[in-house]
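Hi everyone, thanks for coming.

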Amino acid sequence: MLRLAPALLVVSIAARLAWTYLVPTGANFVDLHVYIGGAQALDVPGTLYSYVYADQTPDFPLPFTYPPFAAVVFYPLTLLPFEVVAFGWTVGIMAALYGVVRVSQRLLGLTGGHRSAMLWTAVGIWTEPLRSTFDYGQVNVLLVLGVLCAVYSSRWWLSGLLLGLAAGVKLTPAIGGLYFVGVRRWGVAVFSAVVFFATVGVSLLVIGDQARYYFTDLLGDADRVGPVGTSFNQSWRGGISRILGTDADYGPLVLTAIAVTAVLAWLAWRAIAAAPGEPDRLGLIIVVQLFGLLLSPISWTHHWVWLLPLMIWLLQGPYRYLREARLLGWGWLLLTLIGVPWVLSFAQPSIWEIGRPWYLAWAGLVYIVAAVATLGWIAVLRLRFPGGRRSCRYRAP
């Protein structure tokens, strides 16, 4: 199979481009339209957060929901024709996806392996997080790559710069700061916060009142981001809301679920960190990111790009010889290739209606339950191997 990896990657890229440009219902780039439309709004002071894109989404006009610094970053794209930007964006995401795979493998200490990375990229293009990323023109793959490079780099200033800039563009990467606190890379944690606040300062200088409005009135307003109850929202708040038939907000049930997840994530962190030898950096950052995805009020399926590094860790990492690791790895791959939340979306009443038949509501927990099960399995590894990790790298053939 590895011999065919370059050819498979070419075929996969060609098929994705064909889907995007030759299928009428292919990519609509609605989120990319929002990025660029929001950036263009900077030309008219005071309109950034009143801007909406509704050309292709009349039932849900899409507002610009990102930090104001994102509009500053995307502004140069407004100087190019949208068709050029969209094509370059698609190709750039493919290149970034390959980068995510390669950095993940390097964090595992795997040298070489270009063909393996090609194969992962060819398959990864068709997983649900990537399909929705390409369809909407989302930015998450670039942010995941930035965080992984921050974890990989030994330079505190570069790691802090990458994490701080990623959080300035979209707040979700900020959860990565917990990783650097956990591994006691204090310089990175502090400098990433400094860089993030610098992005806020730049936003205040460039945008002024709209930046203040975002960080005082809009921050944390999940209703503005989108319908909490849609099957595409794979966070605890989304899953529990679908079961209750109403927005659970951060009520007792959601907070209890998050607390249980936090304990599992802490135990999983300890299980990985307690292993002898070189720190398993990829495993640790994945634990943090899974917790962040479940914690967030809205975790769209395209936020779950972290599932690809997770699958690499399970199938090529230090526990790959364990049957459970292979079962979880292949199970995640099957779930994402099918795209269970996407399949369920065809049966939901509407994107705004939270209530639905019980079987659809419970089925909508698919990523949530699988993520909790993964954290739970990692957590018990320390009980199974009290003497430390039996790393596949040192296991006799």
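So, which helices each supply at least two residues of the nonpolar patch? They are α13 (236-244) and α19 (358-363). Helices here are DSSP runs (H or I, at least four residues), numbered from the N terminus. The patch covers about 710 Å² and is made by I243, L244, L253, W358, Y359 and W362. Patch residues have over 30% relative accessible area and no salt bridge, and nonpolar side chains (Val, Leu, Ile, Met, Phe, Trp, Tyr) are joined within 5 Å. The areas come from the Shrake-Rupley method with a 1.4 Å probe, with only the protein chains shown as cover. α19 gives the most, with 3 residues. L244 lies in α13 and is partly exposed, at 47% relative accessible area. For us, buried is under 20%, exposed is over 50%, and partly exposed is in between.

Quick housekeeping. This is a predicted model, where local features need pLDDT of at least 70, side-chain atom pairs count only at pLDDT 80 or more, and totals for chains, interfaces and linings use all residues. Residues are numbered from 1 along each chain as its sequence is written, and side-chain values use heavy atoms, leaving out hydrogens and water.

Over residues 388-397, though, pLDDT stays under 50.

Now, inside. The largest nonpolar core has 111 residues, and W304 is one of those with the most contacts inside it. Helix α4 (residues 82-107) brings the largest share of this core, 11 residues. By a nonpolar core I mean buried Ala, Val, Leu, Ile, Met, Phe, Trp, Tyr and Cys residues joined through side-chain atoms within 4.5 Å.

Last stop: salt bridges, meaning a side-chain nitrogen of Lys or Arg within 4 Å of a carboxyl oxygen of Asp or Glu. There are 4 of them. In one, R16 meets D135 at 2.7 Å, N to O. R16 sits in helix α1 (residues 5-22) and D135 in helix α6 (residues 128-136), so the pair ties together parts 119 residues apart in sequence. R16 is buried at 1% relative accessible area, and D135 counts as buried too, at 19%.

Then there's D209 with R212, at 2.4 Å, N to O. Both lie in helix α11 (residues 209-218), 3 residues apart, about one turn. D209 counts as exposed, at 57%, and R212 as partly exposed, at 42%.

Definitions and conventions
pLDDT = per-residue confidence, 0-100. Contact = heavy atoms within 4.5 Å. Buried < 20%, exposed > 50% of the residue type's maximum accessible area, 1.4 Å probe, protein only. Patch = residues over 30% accessible without salt bridge, like charges linked within 9 Å, V, L, I, M, F, W, Y side chains within 5 Å.
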